[in-house]
Amino acid sequence: MKFRLLAVLLLYLFSAGYAMSQTNFTVGSATAAPGQKAFGAIEIPAGADAATSIPVAVFHGAKPGPVLALVSGLHGTEYASIIALEKLIQTLDPAQISGTVIILPLVNIPSFEQKVPHVNPLDGKSMNRFYPGNPEGSQTDRVSWAITKQVVERCDYLIDYHGGDLDENLRPYAYWPKSGNAKQDAITRDMVLAFGLDHIIIWSDRPKDPNASRYLDNTANTRGKPAIAVEAGHSGTVEPADVQLLVNGSLNVMRYLKMLPGTFAPLEHPVWIGKVDTVESEQPGIFYPLVQRGTYVEQGMKIGYVTDFFGRTVFAAKAPSAGVVLYICAVPSMKKGDTIANIGEVTTNP
Ligand SMILES: [Zn+2]
C-alpha cells in the first residue's frame, strides 16, 4: 500500500504538468516563476522601418494547466477591448490560476498613439491581415511574425479582442471560426458560448493554410490551437458595460478551461449569424445613419443615406437582406467604396 502511494506520488511529481508548473515561463522580457506574474515587452528590432516594443504580461499559475493567450489592440483605437485587458491584468491573481495566461493588451501602439483607426500608420497595414507575418517585412509583418512565434506557438488557446473602431457603431458579437476539425470546432463553440456575447457569427470561409493564415485567431486555429475572436465597444468610447462584457467573458472562458475555480453559465440561446452582408457607399459625401447598431432590419429597408456637400442625396443605403445591424458607420466621412454597415443574417442553431 505504501509503495503504491509512493509510486502515485512519484508519477505526479514527474508528470509533464507538474514539471511545467515548477518551471519559469518567459515571453519576451517577462519571466514569471510559478504562482507569480511578470510584466515586460516583446522587442521588435528595426528593419526597413522603426523598431517597436509590445507590452506583455505573464500570469504563471501555481498549479498546472493550459496556456491561454489574450491579445488586444491589433487595432489600436478599439479602446474598450484594450481597456478590458488592462482591467484583467489588474485583477488576475496567479495564485488562483491553473496554467498560464499571456496577455498582450496593446499590439498596435502607433495606431493608439496617433489615433489612427484600422491600420498601423507606420506601414499602412491592418495588423490583423498579415499573419503569420514575416521577419524581413515592414513593422506589421515583423510584429505578426513575433506574435506567431512567441505567443501563438507557445499557447494552447487564444482569444483575440476587437470592437467597433473610431468610425464603427458596433453591437457586441463573437466569431465562431469553423476549422473543419470537429473536435477543435466543438471546443471553440464551447469557448464562444462560455464567453457569453449573445450574437455569434459562424465564420467558415477562412484560410486553411497555416502559412497564409491572415488573421491572428486563424493563425492559432490553423496550428491546432482553439481560438476565438470577440468584439465589444464602439466609436472610440470606453463604456463600462462593453468593458465588463469582455472581462466577464474572459473569466468565464478561463473557468471553462478549468484555469479558474468557480462556475459559469454558458449561453443557451444565442443569435447565430450565418452570413454577413457588407453595404458599401457607391458615392463619396456626407453619411447620415437611419438605424442604430443592433437594430433588426428587413430586406430593402433604408438604413442611411449619403449627400453631397450641399445636402443633396446622392446615395440611399438599403439593407441587402433581413438581419441585425452588427455595425453602422459612426461618422459623416464617406468615400466611395467605404463600408456603411455590416448586416448579419440570422440562422438556426448550428
Ligand atoms: Zn479590430
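Throughout these legends, buried means under 20% relative accessible area, exposed over 50%, and partly exposed in between (1.4 Å probe, protein chains only). Helices (H or I, at least four residues) and strands (E, at least two) are DSSP runs, numbered from the N terminus. The model is predicted, so local features need pLDDT of at least 70 and side-chain atom pairs count only at pLDDT 80 or more, while totals for chains, interfaces and linings use all residues. Residues are numbered from 1 along each chain as its sequence is written, and side-chain values use heavy atoms, with hydrogens and water left out.

View 1. Let's begin with strand 9 (residues 173-177), where 5 of 5 residues are buried. Tyr173, Tyr175 and Pro177 point one way from the strand, and Ala174 and Trp176 the other way. Two strands pair if DSSP finds at least two bridges between them. Strand 11 (residues 227-231) runs antiparallel to strand 9 and is joined to it by 3 bridges; here Ala174 has Val230 as its bridge partner. Strand 10 (residues 199-203) runs parallel to strand 9, with 4 bridges joining the two, and Ile202 of strand 10 stands opposite Trp176. From strand 9 the chain crosses through helix 6 (residues 182-195) to strand 10 in a right-handed β-α-β crossover (with the strands pointing away from the viewer, the path from the first strand over the helix to the second runs clockwise).

View 2. Rings of Phe, Tyr and Trp (its six-membered ring) pair if their centres lie within 6.5 Å; planes under 30 degrees apart count as stacked, over 60 as edge-to-face and the rest as tilted. The structure holds 8 aromatic pairs. One of them joins Tyr256 and Phe264 edge-to-face, 6.5 Å centre to centre with 85° between the planes. Phe264 is partly exposed, its relative accessible area being 26%. Tyr173 and Tyr175 also meet Trp203 and Tyr215 in one aromatic cluster.

**View 3. Charges over rings.** A charge sits over a ring if NZ of Lys or CZ of Arg is within 6 Å of the ring centre and within 35 degrees of the ring normal. Arg189 lies over the face of Trp176, 5.9 Å from the ring centre. Likewise, the charged end of Lys125 sits over the ring of Phe130, at 5.1 Å from its centre.

**View 4. The zinc site.** Donors are N, O and S atoms within 2.8 Å of the metal (3.2 Å for Na, K and Ca); water is not among the atoms, so sites may look incomplete. His75 (ND1), Glu78 (OE), Glu78 (OE) and His162 (ND1) are the protein donors, 2.0 to 2.4 Å from the zinc ion. Their residues follow the spacing H-x2-E-x83-H, and both His75 and Glu78 are buried.
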